[in-house]
Amino acid sequence: MNISSLLQPARSALSLHRKLNCWTTAITKKHRKLYLNTFPVHLVLPDGSSINIEYNEPRKIITLPLDIEILTEEQKRIRLERRKVITKAKIVEEYQDDFDETQFY
């Protein structure tokens with residue numbers, strides 16, 4: 001007698017089954033490697049201009065990266081300064097309290 005034939009009913013009893021229903025697609029995304037339709041997409045070029053193209057994935061906008069090596073030193077410095085986080089200083093005014101409560105007694 002083969003052990004695997006004895007364990008066959010136990011394997012089927014222990015296996016978990018995933019029940020798919022109509023709500024499953026509302027939670028997850030479509031797992032497609034290739035979309036059959038093409039979708040209108042805005043393509044933003046590195047110089048800032050944009051064109052409309054047909055793309056195979058549903059996206060709203062695609063931005064092409066800018067090559068920093070072709071910029072001048074001043075333009076590189078300006079771009080790097082834009083990337084830094086700007087922290088705003090909070091101005092806290094201190095009030096001088098010269099109220100004398102004894103004058104109201």
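Q: Before anything else, what kind of model is it, and which residues count for local features?
A: The model is predicted; local features need pLDDT of at least 70, side-chain atom pairs count only at pLDDT 80 or more, and totals for chains, interfaces and linings use all residues. Residues are numbered from 1 along each chain as its sequence is written, and side-chain values use heavy atoms, with hydrogens and water left out.

Q: How many salt bridges does a search of the whole structure find?
A: Three. A salt bridge here is a side-chain nitrogen of Lys or Arg within 4 Å of a carboxyl oxygen of Asp or Glu.

Q: Which side chain does E57 meet in a salt bridge?
A: That of R59, at 3.2 Å from N to O.

Q: Is E57 buried, exposed or in between?
A: E57 is partly exposed, with a relative accessible area of 28%. R59 is partly exposed too, at 45%. The cut-offs are under 20% relative accessible area for buried, over 50% for exposed, and partly exposed in between (1.4 Å probe, protein chains only).

Q: What about E73, which partner does its side chain meet?
A: K76, in a salt bridge of 3.8 Å from N to O. Both lie in helix 3 (residues 73-83), three residues apart, about one turn of the helix. Helices (H or I, at least four residues) and strands (E, at least two) are DSSP runs, numbered from the N terminus.

Q: Is K76 buried or exposed?
A: K76 is buried, with a relative accessible area of 18%, while E73 is exposed at 61%.

Q: And E81, with which residue does it form a salt bridge?
A: With R77; the closest N and O atoms are 3.1 Å apart. E81 and R77 also both lie in helix 3, four residues apart, about one turn of the helix. E81 counts as partly exposed at 42% relative accessibility, and R77 counts as partly exposed at 43%.

Q: Switching to the sheet: what is the strand order?
A: The order is 2-1-3, in an open sheet of three strands with mixed pairing. Strand 2 (50-55) and strand 3 (61-63) are the edge strands, each pairing on one side only. Two strands pair if DSSP finds at least two bridges between them.

Q: In which sense do strand 1 and strand 2 pair?
A: Antiparallel: strand 1 (residues 39-44) pairs with strand 2 over six bridges.

Q: Which residue in strand 2 is the bridge partner of L43?
A: I51.
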